[in-house]
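Open the model in a viewer and keep the selection panel at hand.

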Protein chains: 2
Amino acid sequence: MPVKIITKISLCQKHVDSLRKQGRTIGLVPTMGALHEGHLSLVKKARGENDTVVVSIFVNPAQFGPGEDYKKYPRAFAGDKKLCEKEKVDIVFCPAAGEMYPGKDLTAVNVEGLTDKLCGRSRTGHFKGVCTVVSKLFNIVKPHTAYFGQKDYQQFLVIRKMARDMNFHLKLRMCPTVREGDGLALSSRNRCLSPKERTEARCLHRALESARYLIKTKRVSGAGLIISRMKAIINEQPGARVDYINICDPETLEDVKSVKGKVLVGLAVFVGKTRLIDNVVIS
Amino acid sequence: MPVKIITKISLCQKHVDSLRKQGRTIGLVPTMGALHEGHLSLVKKARGENDTVVVSIFVNPAQFGPGEDYKKYPRAFAGDKKLCEKEKVDIVFCPAAGEMYPGKDLTAVNVEGLTDKLCGRSRTGHFKGVCTVVSKLFNIVKPHTAYFGQKDYQQFLVIRKMARDMNFHLKLRMCPTVREGDGLALSSRNRCLSPKERTEARCLHRALESARYLIKTKRVSGAGLIISRMKAIINEQPGARVDYINICDPETLEDVKSVKGKVLVGLAVFVGKTRLIDNVVIS
């Protein structure tokens, strides 16, 4: 069966209603397209757990700030469609921006607390845009389960909080980050890197691995020391600039001064003009 | 069949899912309890249009500001239950406050534009609380149709905007205001009035009817003139104090200076310590 392409909200809702009445379970993989093996790992997981798999492809303007890369964000619909067909996706929901945001004064969904840290500090309004579009997608696709990648760890926590607070009746799954051979986390934004930048971008993973080594092997506990070692690794690359590095509680995202038990080490780094993020949970 | 009382969110979601799988339509009447004939007119409408009727009863702390009447708001569950049984309601969903708001840093749903006018000007955060709880109720009860009264006209517009923006897959119905013989709009808060205040409270309806008379019979078009006549009627009552009187576009709620075509005349008046609202649409 070829993948069904749906661009209209009302058609999608009618279709998933009829699937639900038939007792079919629905898995949603929300994406901004330019699909890579990271997305496909989510699709495979969804395929194994649901009768119907929906991939949404929507580059959401509401989650980009002014001066961010909304226009430059990679779009690759023809390739995405082929990949979805190969993975036996049932439905690709790919609305136009005007279908999702037809007017002004948009209603917004906002999570407090978790959103003022890490990426929320650098990207004002980003998580409001994420929560708003994900709420809309949940109401449009009505999934039983939705799948997200660990690379966007904070996004997962924020969406989980939003879904619980708003009583969305669904399960959320976070799946492991998929990496290139040299450790770089897969990201659609990697397509924006020049060959030189692509080489420099290895520093994110190297910095995270050095944190792991300091914590697990060297038993270093001072977060400040670990972060300064990580910064040094990033700063060795002339094209790289740290946006943030944080060592924090993996549930509350509150910074820790001293590493005890499980921590999230998260970072954002500009490589050239491209902002990349990555993280590891160390326990 | 006695009415089914559900207090747990997860039980309600499971129950409505199974109803939906059976192809049954669900009508929701969201209330804060202390039911009166206004609510019951919504229930009757829902009863006529749906296989299953759900009445939610929840005095929502999030829509009361500091210093407002959350604690004093009338509660009358035993009577409410009897009324629901009489009207053949299938389910009363009546969660405790801790079931709806278990933690802090609540996710909030906020509508812009419509919410800074009329009641939104006097009651900061009120509509954010309304939109948040109504979103939650929509996710918990999953209605095909939800029913609201015209007395809360602005609330209906705000919820309609929220539901459209968030792509809730349901219909919304606004039903006419139900009034006492002397014109007072039914409201749970009328229970808070002393006999003397109850008499004074007639002035809301009298003021609205004077606006109608000036516009329809006397062909007065100046909003300022009409409002000052209405104010005079309210101010004749020693216990009454105008909170706001607005003449505005019934879709955008923008004030009009000159009455042309359809307008909403809305007002809020304190009678003693009780704040009452009412409105008419004049075309």
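Two residues are in contact if their C-beta atoms, placed from the backbone, lie within 7 Å. With that cut-off, select V141(B): leaving out residues up to four places away in sequence, V141(B) touches C12(B), V16(B), I26(B), L28(B), V54(B), S56(B) and F93(B).

This is a predicted model, in which local features need pLDDT of at least 70 and side-chain atom pairs count only at pLDDT 80 or more, while totals for chains, interfaces and linings use all residues. Residues are numbered from 1 along each chain as its sequence is written, and chains are lettered from A and ligands numbered from 1 in the order in which they are written.

Now show both chains. Chain B gives 25 residues to the contact and chain A gives 25. On the chain B side, α1 (9-21), β5 (108-110), α6 (126-141) and α7 (153-165) each supply at least two residues; helices (H or I, at least four residues) and strands (E, at least two) are DSSP runs, numbered from the N terminus. That side divides into nine nonpolar, nine polar and seven charged residues, where Ala, Val, Leu, Ile, Met, Phe, Trp, Tyr, Cys and Pro count as nonpolar, Asp, Glu, Lys and Arg as charged, and the others, Gly among them, as polar.

Which residue stands opposite V109(A) in β5(B)? Select residues 108-110 of chain A, strand β5, which is joined to β5(B) by three bridges in an antiparallel arrangement. V109(A) faces V109(B).

Across the boundary, 15 residues of domain 1 are in contact with 13 residues of domain 2.

Finally, take chain A whole. Its secondary structure comes to ten helices and ten strands, and its C-alpha trace spans about 55 × 40 × 40 Å along the principal axes. Buried residues make up 44% of its 283 residues.

Key:
A residue is buried if 20 or more other C-beta atoms lie within 10 Å of its own, exposed if 12 or fewer, and partly exposed in between; C-beta atoms are placed from the backbone. Two strands pair if DSSP finds at least two bridges between them.
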